[in-house]
Amino acid sequence: RGDDPDGTFAAFEFLIEGRDGGSSVLRCVHNFDLLGDDWEEQYDGMRLGDVAHLRKLAVYLAHFPGRTSKVNLFLMGPPVADDTKVWSTFADTLSVGDISEGARVRLDVPGRPATEGVVDFLSTPNCVVAHTQDGILMLLRGYRNVVGVAYHGFGDEDEEEVETAYRSWLGTAFV
């Protein structure tokens, strides 16, 4: 759940239930409070963002089944209207010239160790989901062009150090 100073909020709940015969059921609840005259734009952003969050869940199930993340961040940065600037900054951070699904990347965020990973999902020019040996990273641009980072770490990382690094990156990468 994330709460904003303006009173809006968004909360997600994913429940995976095992069933007989090796099948399962996924229940997804997305609860949000839309305020203001631009509620249609907010709703469209949620509709597109839900796909990215479900793809991130698929990455978890494929690469981290049964593991519990120890670091969970959802950080919002500045608004950036320029599609080219957003996508090129994402590509620079992943140390690739062209972002594509399945691409091997090198995550390079100042204050964090450089880490090898793979791109699992992208929605040009607004979202990239990649996984490393110990984490899932989502770089995104959402409602009102605000860029952000979602990170789930499964290793032995200090959450405060991880948060400081990503907040610094959000504050400087798009200048």
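Contact here means heavy atoms within 4.5 Å. The views below show a predicted model.

**View 1. Surroundings of Ile99.** Leaving aside neighbours within four places in sequence, Ile99 is in contact with Trp87, Phe90, Ala91, Leu94, Val119, Leu122 and Val128.

**View 2. The largest nonpolar core.** This core holds 30 residues, of which Phe90, Leu94, Ile99, Val149, Tyr151, Tyr166 and Trp169 touch the most other members. Two or more residues each are contributed by strands S4 (71-79), S5 (104-107), S6, S8 (135-141) and S9 (146-153), and by helices H2 (83-93) and H3 (159-172). Helix H3 supplies the largest share, 5 residues. A separate core of 11 residues lies apart from it, and includes Ala52, Ile136, Met138 and Leu140. In soluble globular proteins, nonpolar side chains tend to be buried together.

**View 3. Leu122 in strand S6.** Leu122 belongs to strand S6, which spans residues 115-123. Its relative accessible area is 18%, so Leu122 is buried, the limit being under 20%. Beyond residues up to four places away in sequence, Leu122 touches Trp87, Ile99, Ser100, Glu101, Cys127 and Val128. Between Leu122 and Leu140, 18 residues apart in sequence, the C-alpha to C-alpha distance is 9.5 Å.

**View 4. Leu15 in strand S2.** Leu15 is part of strand S2 (residues 9-18). With a relative accessible area of 39%, Leu15 is partly exposed. Residues up to four places away in sequence not being counted, Leu15 touches Val25, Leu26 and Arg27. The C-alpha atoms of Leu15 and Val25 are 8.1 Å apart, with 10 residues separating the two positions along the chain.

How values were computed
Residues numbered from 1 in each chain as written. Predicted model: local features only at pLDDT ≥ 70, side-chain atom pairs only at ≥ 80, totals over all residues. Heavy atoms only, no water. Helix = DSSP H or I, 4+ residues; strand = E, 2+ residues; numbered from the N terminus. Buried < 20%, exposed > 50% of the residue type's maximum accessible area, 1.4 Å probe, protein only. Core = buried A, V, L, I, M, F, W, Y, C linked by side-chain atoms within 4.5 Å.
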